[in-house]
Amino acid sequence: MTSAAEAGLLRVEGLGRAYDDHYALVDLDAEFPPGSVTALLGPNGAGKSTLIGILSTRQSATEGRVYFDGRRVADSASMRQRIGFVGHRTMVYSELTARENLQFFARMFGLVSPDDAIDALLDRVGLMRDKDRPVNGFSRGMSQRLTLARALLPKPSILLLDEPLTGLDQAGVRLALTLFREARDAGAVLIMASHDLVATSKLADRALILSSGRKRFEGATGEDLAAVYAECIGEAA
Amino acid sequence: MSGAAPGYVAILSAVLVKDLRAELRSKETLATMGLFGLVMTFILAFGFTADPATNRRVIPGALWIALLFAGTLGVGRTFAREAKDDAFSALILSPAPRSAVLLAKMIVNFCLSLSVMVLVTPLLAIMLRVDLLPSLGPIMLMLALGAGGFAVVGTPLAVMAVNARFAEVLLPMVVFPMVSPVLIGGVKGTSVILGTTFGDDGVGGWIQLMLAFDVAFGVGGLFLFERMVTE
């Protein structure tokens, strides 16, 4: 049975990922509480994408374990049911319309009667007027807005964000941050890898800073994200 | 709205409908394969113009060359769409059974290859002045087994090559040797059907070989796909 302290908590223990000639992650212990946004920071090659890849189940760990809700994650399909993913690529089908894309991904997640939720999300991301247009006529920012809707549609318990603000204009960035805050307030675990410390500091309340696959910092940050980063990594962001 | 583990058949049909809808809108893959098949038919027809008896001996090779190139082209194209905006990552990061996704892709590739052969086969017969009508059923069966062979081998390999550099070059280099049993069986079997090979027991052995190949690689691919997409 899940204890109250572990409910909704995402935790990694001794996580490692080895490649032929190097380690991308080394013995990582970290916690990602529900209702929090963790900024995943570090220079290129720090292991951020590897950690996101393992948590998303796209990559496998060579060492260590992942726990969610107090249980060890062993079945990747049931884990994927609870994960939303936004990357820097749009991850939608350009020949399909915005609505068809969301209907397709709703079926992939086994959502029952998703039409009202799809319309509500399309309205929320400002694509209602364009919902029946093929995505190949969309701007980069519109496609990224659709990606936000795709990731949020199944109401994920874990939202993995890998440079999620790519291609968005200022209004789009504000919208994305608002949607992420709403997901956080609904109790989701958010992990956001980004090099944009200004935007990240507006959202994140915690940080996990990696360098060469090793943890350099984990904890609450408040507004001082850039200062914490500079102190850990020894360079300005 | 609620989320439950999506069913196998529901995923299979959703991916099929999505791929066919995308293909019907863009006509990218079918047009490329069809045009390629047509050009090849004309080249073969002009290059092999001889008396109908000689053409009858040549047509099995011509048919299977057309399937070889059109099939490889099709397999690569269908995954280029998935790779374009990394939609494939969103697909396999969903809780959908991954083998259902692969099976749907195999069926799409099978349908595309076979539809090209439905176009190319009568054209080749007309241009090479070979009467295929009496043997059309068995020949189409052989071509269907061949298209199946391409789909079950080429589809998982296309997934693996989708993010590789030089994927367009890499894919044929890997697929061609692997489908050689199907090609050999297809050419020999078609020759037996057309009566241009002597000293052979019949077409049954070749059909069994191709069927066994399709089933073995199809089942193997479905079992291994989970590992293939996990880095």
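Modeller: The questions below go through the labels one at a time.

Modeller: This is a predicted model, in which local features need pLDDT of at least 70, side-chain atom pairs count only at pLDDT 80 or more, and totals for chains, interfaces and linings use all residues. Residues are numbered from 1 along each chain as its sequence is written, chains are lettered from A and ligands numbered from 1 in the order in which they are written, and side-chain values use heavy atoms, with hydrogens and water left out.

Colleague: How do you know that chain A agrees with a compact globule?

Modeller: The radius of gyration is taken over C-alpha atoms, and the globule rule is 2.2 Å times the number of residues to the power 0.38. For 237 residues the rule gives a value near 18 Å, and chain A has 18 Å, so the two agree. Along the principal axes, the C-alpha atoms of chain A fill a box of roughly 45 × 40 × 40 Å.

Colleague: How many bridges join β1(A) to β2(A)?

Modeller: There are 6 bridges between β1(A) and β2(A), which run antiparallel. A:R17 has A:L25 of β2(A) as its bridge partner, and a hairpin of 4 residues joins β1(A) to β2(A).

Colleague: Why are β2(A) and β5(A) said to stand at the edges?

Modeller: The open sheet has 4 strands in the order β2-β1-β4-β5 (chain A), with antiparallel pairing. β2 (23-32) and β5 (71-72) of chain A each have a single partner strand, so one side of each is left without a neighbour in the sheet. Helix α1 (residues 48-56) of chain A packs on this sheet, touching β1 (10-18), β2 and β4 of chain A, and its direction makes about 65° with that of β2(A). Contact here means heavy atoms within 4.5 Å; axes are lines fitted to C-alpha atoms, for helices over the stretch in contact, and angles run from 0 to 180 degrees between N-to-C directions.

Colleague: Why is A:R80 called buried?

Modeller: Buried means under 20% relative accessible area, exposed over 50%, and partly exposed in between (1.4 Å probe, protein chains only). A:R80 has 2%, so it is buried. A:R80 is placed in helix α2 (residues 76-80) of chain A, and its contacts include A:F109, B:I92 and B:E226.

Colleague: What makes its approach to B:I92 a polar contact?

Modeller: A polar contact is a pair of N or O atoms within 3.5 Å; within protein, one must be able to donate a hydrogen and the other to accept it, and residues adjacent in sequence count only if both atoms are side-chain atoms. The backbone oxygen of B:I92 lies 3.4 Å from a polar atom of the side chain of A:R80.

Colleague: Is B:D19 buried or exposed?

Modeller: B:D19 counts as buried, because its relative accessibility is 3%. It belongs to helix α1 (residues 8-26) of chain B, and its side chain makes a polar contact of 2.8 Å with the side chain of B:K105.

Colleague: Why do A:S113 and B:R129 receive separate labels?

Modeller: A:S113 has 59% relative accessibility and therefore counts as exposed, whereas B:R129, at 48%, counts as partly exposed. A:S113 lies in the loop between β7 (111-112) and α4 (115-124) of chain A; B:R129 lies in the loop between α5 (98-127) and α6 (136-161) of chain B. Neither is a glycine, yet phi is positive at about 50° for A:S113 and at about 55° for B:R129.

Colleague: What makes helix α3(A) largely enclosed?

Modeller: In helix α3 (residues 98-108) of chain A, 9 of the 11 residues are buried, so the helix is largely enclosed by the rest of the structure. The cover over those buried residues includes β7, α4 and α5 (140-152) of chain A together with α1 and α4 (87-92) of chain B.

Methods: Two strands pair if DSSP finds at least two bridges between them. Helices (H or I, at least four residues) and strands (E, at least two) are DSSP runs, numbered from the N terminus. Lists of a residue's contacts leave out its neighbours within four places in sequence.
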